[in-house]
Amino acid sequence: MTEDFKGTPQEQGSQWYDGEAGPLVRPYAMTGGRTKPGPTGVAFDLIALVTLDPGAPHLDDDPALGPEHQALVDLCRTETQSVAELAAGADLPVGVVRVLLGDLLELGRVTVSRPVPPAQLPDERILREVIDGLRAL
């Protein structure tokens, strides 16, 4: 046993408990061992925006979804958030959040707006010319 461990003697023998952090749940346990979001294989960009679908049923109706799913839904309830913000707000690894969001997306509980790829954005030179033209007016 280590001297700096702050749990009880029963807790000290357990690898799943840390006196300062509390009970530990491994990320793969939250996702059922999955590392990819859903059978569709959707890739969630860190800046993809996640919005709660207002017409979606409540999570209480689906016993297959866990408290981590509920935490993500609660974070989206107030405002649209990016995948990175959801990971920080739920205090979960981004990989776990991506898998959980895949579950919620498949169930129709959230919608995801993906960022525009850089190749589809207008050329910076054209934007500068438009700004210069507007200033000239």
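In the predicted model, Arg77 and Asp74 lie three residues apart in helix α3, so about one helical turn separates them. The two residues form a salt bridge, in which the closest N and O atoms are 3.4 Å apart. Side chains of opposite charge can pair when their charged atoms come close. Both partners are partly exposed: Arg77 has a relative accessibility of 45%, and Asp74 has a relative accessible area of 38%.

A search of the whole structure finds four salt bridges. Glu124 is partly exposed, its relative accessible area being 48%. Glu129 and Arg125 are likewise four residues apart in helix α6, again about one helical turn, and the salt bridge between their side chains has an N to O distance of 3.0 Å. For Glu129 the relative accessible area is 47%, so this residue counts as partly exposed. Arg125 and Glu129 also belong, together with Asp123, to a network of salt bridges.

With a relative accessible area of 55%, Leu134 is exposed. Together with Ile126, Val130 and Leu137, Leu134 makes a nonpolar surface patch of about 440 Å².

The protein chain as a whole has six helices and five strands. From the N terminus on, these elements follow the order α-β-β-α-β-α-β-α-α-β-α. The chain has 137 residues, of which 28% count as buried. Among contacts with a separation of 6 or more, 66% are between residues 24 or more positions apart.

In soluble globular proteins, nonpolar side chains tend to be buried together. The largest nonpolar core of the model has 21 residues, and those touching the most other members are Val50, Leu72, Val83, Leu86, Val97, Leu101 and Leu104. At least two residues of this core come from each of β3 (49–52), α3 (67–78), α4 (83–90), α5 (94–106) and β5 (110–113). The largest share, five residues, is supplied by α5. When residues up to four places away in sequence are not counted, Leu101 touches Phe44, Val50, Leu72, Val83, Leu86 and Val110.

Gln81 is placed in strand β4, which covers residues 81–82. The relative accessibility of Gln81 is 11%; because buried means under 20%, Gln81 counts as buried. Leaving out residues up to four places away in sequence, Gln81 touches Ala48, Leu49, Val50, Leu75 and Leu86. Of these, Val50 and Leu86 are also among the core residues that touch the most other members.

The loop between α4 and α5 contains Asp91. Most residues other than glycine have a negative phi. Asp91 is not a glycine, yet has a positive phi of about 55°. Its relative accessibility is 69%, so Asp91 counts as exposed.

How values were computed: Residues are numbered from 1 along each chain as its sequence is written. This is a predicted model: local features need pLDDT of at least 70, side-chain atom pairs count only at pLDDT 80 or more; totals for chains, interfaces and linings use all residues. Side-chain values use heavy atoms; hydrogens and water are left out. Buried means under 20% relative accessible area, exposed over 50%, partly exposed in between (1.4 Å probe, protein chains only). Contact means heavy atoms within 4.5 Å. A nonpolar core is a set of buried Ala, Val, Leu, Ile, Met, Phe, Trp, Tyr and Cys residues joined through side-chain atoms within 4.5 Å. Patches are made of residues with over 30% relative accessible area and no salt bridge: like charges are joined within 9 Å, nonpolar side chains (Val, Leu, Ile, Met, Phe, Trp, Tyr) within 5 Å. Accessible areas come from the Shrake-Rupley method with a 1.4 Å probe; for residues, only the protein chains shown count as cover.
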